[in-house]
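Work through the following exercises with the model in view. Each task is followed by a solution in steps.

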Amino acid sequence: MASRSAAVSPARAAAFAVLLRVFEDDAYADRALRRAASDLDERDRGLAQRLAYGAVQRVRTLDHAIEVLGRRRVARLDAPVRAALRLGAYQLAFVDGIARYAAVNESVELVRRAGLERAVAFTNAVLRRLAEGIAPLLDSLPENSAAEAALKHSYPDWIAETWWSEWGPDEARALMLALNEPAPTVVRLVRGELDGITDPEIPGAVRVDRIDDRALSEGRIWPQSAASQLAGLTVGAEEGDRTLDLCAAPGGKASMLTGEVTAVERNEGRARELAENLRRLGATNVRVVVADGRELPAELRDFDRALVDAPCSGLGVLNRRPDLRWRAMPLPELQLDLLRSAAARVRSGGTIVYSVCTITAEECEDVIDASGLTVDSTLSEEWPAFRHPRRPEFLQTLPHVHSTAGFFIARLRV
């Protein structure tokens, strides 16, 4: 049993707090982490994020191991015990370089500090079984069906089933693996110079080891995946064009657009953030309008181009938002409404770029087909490296193929 005087590292204590907030209070992981790790140094904050995000992401698989080896339903455990077991199990199964005794003892101590002395012996016993058995147990899990793969890789059944059906078993498994790995850190170089690896396909996209806070505050860089930058580039805005960005916050794509840009955001707080980001990035050509993209002011009309970077399930960015896989849902009705709203405000002969950071036909190809708009098939000729494998008139970036977020992009003519 762990010593009563056992210490708990600041990183583990913060990660434990995040797990409690996410799973017991339905908090968002990034917001919970900001609060829990606010006083930590950079090293501890990084470890807290890795442990918390990893345990949130892998919770389905972890819970399976806890139930098999601990012989107790996770749902019936006290919340601090549940969080401590998940935190310890994640370290034992998925984190190299952490000593078993540290993962076990500090998780037990977290339960004691939560005032659950009666549960300390149970927690200790389960964690010791996990230390010996979790690796072979998880290695033995099959992945021959969507349901099996969902359990092994910790996804909801509906995501695994959708990918299995639309992409086939091999691609589905590859997607699951890729979106369980940390996303590369990529920025857009706005001005000046930057040390990093320049993307061979996306001008301005640079892979870096870490975000330079000073360069960010000075507006010289903007954190933005290569796929997101691709969406902005495909708009093709030029000097003299009037472009409508219908879902503009936080402003990365809007700040890429040349000419006169109207950036729409319905939430006033996010609109203020959008305006501040644009100011920092020097995008003086962009005007922010607070409005619902489906109910635009009458004066917003006759645009040459539009960008509809629509809200979506976010399945292409699951490695950036650990709790999203447990919250995600397709939004095809909203996406179609926004696309039609944009089409009504673009002049005849103008173009619309529709983009979503997801990998489901329901939110991608099906929305375009339902819109009745004419597809501009020259898009894939301009960007052949990202041609959609099933519908070559569109673009689709895939995390396991392109090492970036999963984005669908279509260009349409009005």
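**Exercise 1: A pocket and its lining**

Task: Describe the second largest pocket and the residues that line it.

Solution. The second largest pocket holds about 190 Å³ of space. Of its 13 lining residues, Val186, Ile197, Asp199, Arg207 and Ser403 are the closest to its centre. On a 1 Å grid over the protein atoms alone, a pocket is an open set of points where a 1.4 Å probe fits, with protein on both sides within 12 Å along at least five of seven lines, and lining residues have an atom within 4 Å of a point. The volume is the space filled by probe spheres set on the points, which are joined across faces, edges and corners.

Next, consider the strands (DSSP runs of E, at least two residues, numbered from the N terminus). Strands S2 (197-198) and S3 (205-207) each contribute at least two lining residues. S3 gives the largest share, three residues.

The model is predicted: local features need pLDDT of at least 70 and side-chain atom pairs 80 or more, while totals for chains, interfaces and linings use all residues. Residues are numbered from 1 along each chain as its sequence is written, and side-chain values use heavy atoms, without hydrogens and water.

**Exercise 2: The whole chain**

Task: What is the extent of the protein chain along its principal axes, and what percentage of its residues is buried?

Solution. The C-alpha trace spans about 75 × 45 × 40 Å along the principal axes. Buried residues (under 20% relative accessible area, 1.4 Å probe, protein chains only) make up 55% of the 414 residues.

Technical notes: Helices (H or I, at least four residues) and strands (E, at least two) are DSSP runs, numbered from the N terminus. Buried means under 20% relative accessible area, exposed over 50%, partly exposed in between (1.4 Å probe, protein chains only).
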